[in-house]
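Please read them with the structure open.

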Amino acid sequence: MRGIVGVFPELDAAVEAIEELKKLRVGDVTVYSPAPRHELDDVLKAPPSVVRRYTLIGALLGVTFGYWIPIWISDYWPLVVGGKPIASWVPYTIIGFEVMVLIGSLSTVAGLFIHARIPRITQTVGYDPRFSDGSFGIWVECRPDEQETVRRVLRENGAEEVRGDR
Amino acid sequence: MSESSTPVEEQKQGASRRTFLKVLGAAGATTAAIGCSSNTGEKLIPYLVQPDETVPGVSNYYASTCRECAAGCGVLLEVRDGRTFKIEGNPDHPLNRGALCSRGQASVQGLYNPDRYRQPMLRKNGKLSPISWTQAIQLLEQQLATVQSAGKAGSALFINQHESGSFPGFLDAWLAGYGMPAHLSYAALADGGVIAANRQSYGVAWPSLDFTAAKLIVSFGADFLETWGANVPQQLSFADARAKGADAPRFVYVGPRRSLTGMNADQWIACKPGSELAIANALGGSGSIAQAAQASDVPVATLQALATELAKGPPSLFLAGGSFDVALAVNGLNQKFGNVGRSVLSARPIESFEGMSSDAELMDAIERMRAGQVSMLLVRGANPVFTSPKSAKVADAMAKVAFKVSFSSYPDETSELCDLVLPDNHAIESWGDAQPLPGVISLQQPGMDPVYETRATADVLLAVAKGNPKLATAHPAPSYREYLIGRYPGGTAAFTAALIKGISSGALASERAKKAVVATTRTAANIEATSGDTYLVVYPSPLLDDGSGANKPWLQEIPDPVTKVCWQTVVEVGSSAAARLAIDSGDVLRVETAAGAITAPAYVYPGLRGDTIAIAFGRGHTAYGRYAMNVGVNPGDLLPVAFDAKSGAQAWTSTKVKVTKTGDFIPLVSSEGSARQHGRGIAQAIDARDLGIVPTPAEAEKTGGGEEHLPGDASHEFLPGLRAPVAQDAQGDLPSDDNMKGMYDPKHWSGMAKRRWAMTVDLARCTGCSACVTACYAENNIATVGAIHQSHSTSGLEGQPGANILRGREMAWIRLERYFEGGETLDESFETRFVPMLCQQCGNAPCEPVCPVYATYHSPDGLNVQVYNRCVGTRYCSNNCPYKVRYFNWFGYGEPARPQYAWPERMNWQLNPDVTVRGKGVMEKCTFCVQRIRESEHRAKLEGRAVEADEFTTSCAQACPSNAITFGDAADPAWSVTKMIADKRAYHVFEELNTFTAVVYLKKVNHTVAAGA
Amino acid sequence: MTAVAPETHEERRDNIATADVQLPLVKSYTQVTDEILDTLKITKAWLTGLAIAVTCLGIGATAWIYQIYMGLGVAGYHPPVMWGVYIITFVFWVGIGHAGTLISAILYLFRAGFRTTIYRCAEVMTVFAVMTAGLFPILHLGRPWKFFWLIPYPNWRLIWPQFKSPLVWDVFAILTYLTVSATFLFIGLIPDLAVLRDRETNPLRKKIYGVLSFGWRNSDREWRHFARAYLFLAAFSTPLVLSVHSVVSFDFAMADVPGWHTTIFPPYFVAGAIFSGIGMVFTIIIPVRRWFKLKHYVTLNHLDAAAKLCLFTSLVVGCAYLTEFFIAWYSGSETEQAYFVNRVFGQWWWAAWIMLTCNGILPMMLFSQKLRRNTTFLFTLSIFINLGMWYERFVIIVPSLSHEFEPWQWAPYAPTYIDWAILLGSFGWFSMWFLLFVKQLPVLAIAEIKEIVPPRMRHPVSRLSLDGHGETPGTDASNEVL
């Protein structure tokens, strides 16, 4: 797939470029920034992340498992200790809670990995090391006939470098 | 490499009355034939031809006689696969009725002692080196021949440990054959004065005593629960008397030091040493109270009160220790108040004490040695070098004797000086008999083949005699056993029959006449004449006796009942003296007399007069094996050679001393934490007057609560946890669904949940003697940890004996706690309460829920089970145990390769095959002798019957010479334990913690009011 | 380019912890990257430190091996004091761990901006502290080679742990805590790893960083999910951190031992843990900011704010001490009262007073802002806090056990050289890991710091001027969930 990448030293420049690209409805825009910025989120108007669903499901599975294990074990081998009930749910709440947190957290991470599409094996096209340092980047995947427009928009909005990538 | 390697099966024959007789029926008859295979014990190969009566994993019991002291108690030797591993009292024996003291039980450690002589030894260029028996016997023959030919036979000397039965006569006959004088029958620290006085008053050495017939007991320093006379029968009778509740006798102890016996007294009259006579006379009316009070430094009122109490004429009993005069005066009192024939049974004397030589006779013999008038010295069982005062210089005297023969099994101080050692068999390896009571013969049979290459002295003497053609005819018997049978009334058949029970009626014709009193010409003791600022009381240790117990780790490790110190000799200092001289427990003191000096740490003890110090005799050996050597100091070093003029008995309280602080400090090797119970009601007591009165809560409130009214008061309607075998609170909150309850369901086929094993401890009976502790060590393979070589480093405190115990790491599953009540101020009197503390087998055990791996849990029959193999050693259970009765294996006490190994080779032969040896890093505790429970359950199952009530009991309960411990099934009214639990005095320790313990204590009963009122 | 300003340059203002934290001397993104990556250069001092740490660890390890061979008897246990230095140190290290999670998670949810520059340091401390703590329950076992019996691993005998035991709760709490805090740390590291990857010239190291950063590209999609995931991890860590030390306190509160059996323990332990943790943060961050020339990142304002937190937790702990005494008196339980008297005026008075002084009295000095902003003072105080908190655990564990229900079994306790060696070893173990970390990975969070640094703008006064836009990515998202 081919596209155009623009490197912006300034934040507001990048933002304006994105706005204009959005107006022109050309290509599919990906923005790189050394640190997350609101301004970018605002212009991109991306839908909220769905990672939270993973968290919820993981937590529910966790707490169920965390209760089930000790109860099943106690009943499997019923030995009285200290005159307590064989399967006493109160102390098992602690196990339930800890396992909930464990599975919940891990599934959250899983959610992150799935939706952020990491780990990725290669630095695909359209990335520049500067994006992790000081500069903002805009990567536009577009048809060949749109490339000129995109180059123009990026350059006019103050990209210090604009190059095609394939 | 211990018994655990031999095949252990589920059941062994137990001490149940019925079954052991069945076994013995044949066992006794074939004893000699079963050369119990001690040397093949290591092999795992099953018998090809199985010896009769020997089933692997099944115990046989042989009735025999204990030889640790002269009394001659009957014992049962429990033998498994050719090894004797436990000694219990013979229930049929009239003297000890199944009970046995610590010393008797520890004799197995003498049997397997790693330091015993392996074979005969001969002194070659200065040191003893092994020789063969044939050589040894030849050598002895030659020596005897030379002595005879030189015509010096008459000046030979044979010193034998005092014992009753046929041996003394046999020995004298043998000696006579060589023209040698009769032997000296020596018992160190025996109460010679009392024996002499008794013989004068009653014509017998030692009358039996019936404490139950008395309402008032007055002891003038007679420690009848320790080493004074035959302690086991005396303790049995005393406990029976004290168990009578309101009718029980009041006990007054008169003496400068409150001994273990004194601690059991209701009143202690702390008189000046040597002033007992004045008091006795005053009470007898032959002296004025005022003078007595003046002489004895006791308030007139105290003596007056006692006199008035006597005047009311309650049936009483007077006992005396020490000098002839006191004993005579006390016998006079008994006659005056009509106790003879009532509580003093002179018609039923303890024969064992007849024929004892006096210390003076020994000293005369030693002087003869010193003068070079002794041609040959033979010693058996006695250790005069250690037991005589250092100032007697016995060693020097012995050096003057040309040829010295020892028959000792152990490298003790005396045998180490001898030229020829012919190691005797241990009592458990040899034949013999005793005459404990008139008309009672107690037989002694071996429990096994000799552990080492030793031979019974009697057999050696026979062999020697046979070597001499002139004497061969005089000794026809091929062996001592034949000899015994020969002179046994009724011959072989009767003898064999009698062996089954170990006793029979009849009398042994005694060649030794009752000895008359020998007044000594030697210096009489005069304590006031000696120089010094403090009186010195030297007394035989209740556990080590005259020091012969010192090579048995159990006896070294079990804390002294009074001071609670082990592996150490302490100088007991009275509280007032301590306050006066600013002495604290552990301060090292230097004690000096004209005879010598010792240094030892102080122990501050409220039960001692301010002008007196006391030191226990028994430690401070310079030989006698790894457990005894260089442990503690020997107070004998301080004593002058002084005697009781009339009886020639060594006077042990005979000198004043000079006491100085060295400034050093040595921490005491003690099991004592706090000696006060801080009102926590662990050891509860009730006054005889209050018996039967149940205080209402309101009254309890009025009396200001106080420990007598803590939760656990007998006024409680029921005892939680013992209400039912499956009480919800005792057995867990079980699901309603039966098939979820598993074995906890009483309807379960195993029926386990129908039972609730429980125990009662009657504090009115308990005297604190610690025999139960020894029994527990023996039964449960408990490691001793205090020996010097068991500490993991040699620097500083770790380098001294008892190093591990300095860190509180003793392993005693049952311990005797000794609490003082009252006496916070110096002039106030104090009371002592003993509590045997063991795992309480809680219904709701705090230790169980905290174990992360189910290593401890609650069994359906109410036991608090400890699974050693599952234990990972978090020690959380111990933290959570309010009674602190769980013990941790800090080192590999069971691993032979380690310095901490508790059973060096052959000591491990004593290990109980039914109990595992615990590994490093696991927790252990009292199991209620679960091996005995399961064994009798299995036996009952095999015999297709139910376990009968009181069919078996735990080791501690079995041994207790006070019958204070009762064990059984609290859920079954047939067991006597259920009756005990119903007693009004019953209480649980820390009941407020709702642990629902299965161990129930019965309150001690105090008798504060005058008897006969 | 590393213009380290003298501290006086900062005007003194009372620092209310807000999202709006200024780093006046940090001008550009590139400066952040450069200055923080500079800290990764290996120095001689660092090597020396590492050598010392490894030596201490060696001493401890040797002692442990000896103990395993000989048996626990070589340690100073004196029954009934069955727990000693090892459990004390276990609780101590778990406590240390807590501050990290507090700062990185709880303060994150509270939008306490000052956390940004110190949280990475604290979080690393957490992970390694918990790693250290985790050793001790194993180390104190009578049979350490059987420790896995506490874990419910499937086995054909179907013999499992006993889930009613607080020790099993511990296993779950500690393992969960270790996993989650390590995950949290690593997730936070991913963008920084990307930075390292892009800056690295050595191909091998570049590859390694590439793998570790999962090919992170700073794209908008990545940042979006990252922010949400980070938020939820923080939201989980918060109750977790509270639960973990509560569970640890159950080891004591669930027992019937006088001095242990009390309901105040969970909150009391959590407060103590955070207190000790912040103490340790000071002990670590103050040298770090000096030696790594990061004073203009970790500013006095940040330390000031952290010091206030320290003061607060100290007050909570002090209050808990007093409550314990009050309840002991109020309960009317004689054993409890006897124990507390013995704790403060008896056998153990010295330990108790070390605890009260270091944790209750000395931190009061933090009421003075002058002292709060004096790094030397803070460092010294933090040492006392560490000592005091170790002794707090000592005072809780040893005197209680030595003075229980059964007077006959009252006992003293004295650690041996083995105990001390293993304690030393634990510090060696912790320091070794920490030192290894700080030279391999950024000890300050590059990406997060960039968030509070103004980006370059074409029109400095545009509609995009930075009005409080230093917020962390989670903000808007959290508005949606909350």
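**Notes on the predicted model**

1. Start with Glu951(B). This residue sits in the loop that runs between α28 (930-942) and α29 (955-959) of chain B.

2. Is Glu951(B) buried or exposed? Its relative accessibility is 9%. The cut-off for buried is under 20%, so Glu951(B) counts as buried.

3. What does the side chain of Glu951(B) contact? One partner is the side chain of Arg939(B), in a polar contact at 3.2 Å. The side chain of Glu951(B) also reaches a backbone atom, the nitrogen of Glu948(B), at 2.9 Å.

4. Stay in chain B for the sheet. Seven strands form an open sheet with mixed pairing, in the order β5-β4-β16-β15-β14-β6-β7. Its edge strands are β5 (127-130) and β7 (184-186), and each of them pairs on one side only.

5. Within chain B, look at β15 (residues 403-406) and β16 (residues 420-421). These two strands pair in the parallel sense, over two bridges. Val405(B) stands opposite Leu420(B), which belongs to β16(B).

6. Now the interface of chain C and chain A. On the chain C side, 66 residues are in contact with 74 residues of chain A. The size of an interface is often given as the accessible area lost when the parts come together. Here the buried area is about 6300 Å², and carbon and sulfur atoms give 65% of it. In chain C, the residues that lose the most area to chain A are Lys164(C), Arg217(C) and Arg458(C). Together they account for 13% of what that side buries.

7. How many salt bridges does the rule find across the interface of chain C and chain A? It finds three. In one salt bridge, the side chains of Arg199(C) and Asp133(A) meet at 3.0 Å, N to O. As for polar contacts, the count between chain C and chain A is 25 residue pairs, with both residues at pLDDT 80 or more.

8. Which helices of chain C supply at least two residues each to the side that touches chain A? They are α1 (29-38), α5 (166-199), α7 (220-253), α15 (446-451) and α16 (474-481). The most comes from α7(C), with 17 residues. By residue class, the side of chain C that touches chain A divides into 34 nonpolar, 14 polar and 18 charged residues.

Note on methods: Residues numbered from 1 in each chain as written. Chains lettered and ligands numbered in written order. Predicted model: local features only at pLDDT ≥ 70, side-chain atom pairs only at ≥ 80, totals over all residues. Heavy atoms only, no water. Contact = heavy atoms within 4.5 Å. Buried area = accessible area lost by both parts, 1.4 Å probe. Salt bridge = Lys/Arg side-chain N within 4 Å of Asp/Glu carboxyl O. Polar contact = N/O pair within 3.5 Å; in protein donor to acceptor, adjacent residues only side chain to side chain. Helix = DSSP H or I, 4+ residues; strand = E, 2+ residues; numbered from the N terminus. Nonpolar A, V, L, I, M, F, W, Y, C, P; charged D, E, K, R; others polar. Buried < 20%, exposed > 50% of the residue type's maximum accessible area, 1.4 Å probe, protein only. Pairing = 2+ DSSP bridges.
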